[in-house]
Amino acid sequence: MLFPVALSIAPCGSAKHIFTHVEWHMAGWRVELPEEAPGYIWETAETIRKDYSLPTALKFYRSLL
């Protein structure tokens, strides 16, 4: 499966989430594509905020939508 070439790629911050016995260190990236990549679901930020539940670990990135 081929993906379109990214128009831009930029870091959108790092976040940490601590479970009872493990610590995640995450790095997020914002990637702008000229078209939808096949095999993925594409939604607007509004639809994601309204209709999707995201895990607490992704709280930092949810605020960037």
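Where in the secondary structure is the place of Trp 24?

Guide: Trp 24 sits in strand S2. Strands here are DSSP runs of E with at least two residues, while helices are runs of H or I with at least four, and both are numbered from the N terminus. Before we go on, please keep in mind that this is a predicted model, in which local features need pLDDT of at least 70 and side-chain atom pairs count only at pLDDT 80 or more, while totals for chains, interfaces and linings use all residues. Residues are numbered from 1 along each chain as its sequence is written, and side-chain values use heavy atoms, with hydrogens and water left out.

Now to the surroundings of Trp 24. At 39% relative accessibility, Trp 24 is partly exposed; that class lies between buried, under 20% relative accessible area, and exposed, over 50%, using a 1.4 Å probe and protein chains only. Setting aside neighbours within four places in sequence, Trp 24 is in contact with Ala 15, Lys 16, His 17, Phe 19 and Ala 57, where contact means heavy atoms within 4.5 Å. Ala 57 is 33 residues from Trp 24 along the chain, yet their C-alpha atoms are separated by 8.5 Å.

Phe 19 is also a ring partner. Phe 19 and Trp 24 form an edge-to-face aromatic pair, 4.9 Å centre to centre with 70° between the planes. Rings of Phe, Tyr and Trp (its six-membered ring) pair if their centres lie within 6.5 Å, and planes under 30 degrees apart count as stacked, over 60 as edge-to-face and the rest as tilted. Phe 19 is partly exposed as well, at 32%. By this rule there are two aromatic pairs. The rings of Phe 60 and Tyr 61 are edge-to-face, because their planes stand at 85°, with centres 5.0 Å apart. Phe 60 is partly exposed at 35%, whereas Tyr 61 is buried at 15%.

His 17, one of the contacts of Trp 24, belongs to strand S1. His 17 counts as buried because its relative accessible area is 18%. Beyond four places in sequence, His 17 touches Val 22, Glu 23, Trp 24, Met 26, Thr 56 and Ala 57.

Further along, Gly 13 is also in strand S1, which covers residues 8-18. Gly 13 is partly exposed, at 29%, and its contacts beyond four places in sequence are Met 26, Ala 27, Gly 28, Phe 60 and Tyr 61. Glu 23, which touches His 17, is ten residues from Gly 13 in sequence and 17 Å away in space, C-alpha to C-alpha.

A pocket is an open set of points on a 1 Å grid over the protein atoms alone, where a 1.4 Å probe fits and protein lies on both sides within 12 Å along at least five of seven lines; lining residues have an atom within 4 Å of a point. The volume of the largest pocket is about 890 Å³, taken as the space filled by probe spheres set on points joined across faces, edges and corners. The pocket has 21 lining residues, and Trp 29, Arg 30, Val 31, Ile 48 and Leu 65 are the closest to its centre. S2 (23-32), H1 (45-51) and H2 (59-62) each supply at least two lining residues.

Finally, the chain as a whole. The pattern along the sequence is β-β-α-α. Buried residues make up 12% of the 65 residues. Of the contacts with a separation of 6 or more, 49% join residues 24 or more positions apart. The C-alpha trace spans about 40 × 25 × 20 Å along its principal axes.
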